[in-house]
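Trainee: I have a new structure to read. Please show me how to go about it.
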Amino acid sequence: MNSLYSSNRLVPISQGRDFVDKARRLYALPKSFSARFVPNAVDTPELRDKEIARKEDIVVSLARLDIVKRPWIIGEVARVMPEYKFIFAGQVHDKEMKK
């Protein structure tokens, strides 16, 4: 990242203003490093108190459903936490997991 930035081949952007300092430290970037602020593209609606009270606790697991990602761990967490709704989203690529 440092070499890309130094050679003007990188246009840094960030959704969080505080990430710039972290990037400076993490990648040993010069103090002159800055990033354009790009707000989150997803509009978050204003919620009324009634809507907040109706919220549902949901855990979403978004990952490949393959052996290397160990999806059964999330399944075990779901088993011991029945008060939450768990949603698995992902595709299976390993033949062993399609059985």
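Mentor: Start with one definition: a residue is exposed if its relative accessible area is over 50%, buried if it is under 20%, and partly exposed in between. Keep in mind that this is a predicted model.

Trainee: Is Leu62 buried or exposed by that cut-off?
Mentor: Leu62 has 71% relative accessibility, so it counts as exposed. Leu62 lies in strand E3.

Trainee: What share of the 99 residues counts as buried?
Mentor: The share is 13%. The protein exposes about 8700 Å². Carbon and sulfur atoms supply 54% of that area.

Trainee: Let me step back to the fold. How many helices and strands are there?
Mentor: The protein has 4 helices and 4 strands. Read from the N terminus, their order is α-β-α-β-α-β-α-β.

Trainee: How do E3 and strand E4 run, and how many bridges join them?
Mentor: E3 and E4 run parallel, and 5 bridges join them. Strand E4 covers residues 85-89. Look for Ser61, which stands opposite Phe88 in E4.

Trainee: Through which helix does the chain cross from E3 to E4?
Mentor: The path goes through helix H4, residues 71-80. This β-α-β crossover is right-handed.

Trainee: Which residues is Phe37 in contact with, leaving aside its neighbours within four places in sequence?
Mentor: Phe37 touches Ser14, Gln15, Gly16 and Arg17. Now try a distance. Phe37 and Val20 are 17 residues apart in sequence, and their C-alpha atoms are 9.7 Å apart in space.

Trainee: Next, the charged side chains. What counts as a salt bridge?
Mentor: Look for a side-chain nitrogen of Lys or Arg within 4 Å of a carboxyl oxygen of Asp or Glu. By this rule there are 3 salt bridges.

Trainee: Which residue does Arg24 meet in a salt bridge?
Mentor: Arg24 meets Asp21, with an N to O distance of 2.5 Å. Both lie in helix H2, residues 19-26. They are 3 residues apart, about one turn of the helix. Arg24 is partly exposed at 24% relative accessibility. Asp21 is partly exposed too, with a relative accessible area of 40%.

Trainee: Which residue forms a salt bridge with Arg79?
Mentor: Glu76 does, and the closest N and O atoms are 2.8 Å apart. Arg79 and Glu76 are 3 residues apart in helix H4, so about one helical turn separates them. Arg79 is exposed at 56%, whereas Glu76 is partly exposed at 42%.

Trainee: What are the closest N and O atoms of Asp66 and Arg64 apart?
Mentor: They are 3.1 Å apart, and the two residues form a salt bridge. Check both ends of this pair. Asp66 has a relative accessible area of 2%, so it is buried. Arg64 has 38% relative accessibility and counts as partly exposed.

Conventions: Residues numbered from 1 in each chain as written. Predicted model: local features only at pLDDT ≥ 70, side-chain atom pairs only at ≥ 80, totals over all residues. Heavy atoms only, no water. Helix = DSSP H or I, 4+ residues; strand = E, 2+ residues; numbered from the N terminus. Buried < 20%, exposed > 50% of the residue type's maximum accessible area, 1.4 Å probe, protein only. Areas by Shrake-Rupley, 256 points an atom, 1.4 Å probe, with all protein chains shown as cover. Contact = heavy atoms within 4.5 Å. Pairing = 2+ DSSP bridges. Right-handed = clockwise from strand over helix to strand, strands pointing away.
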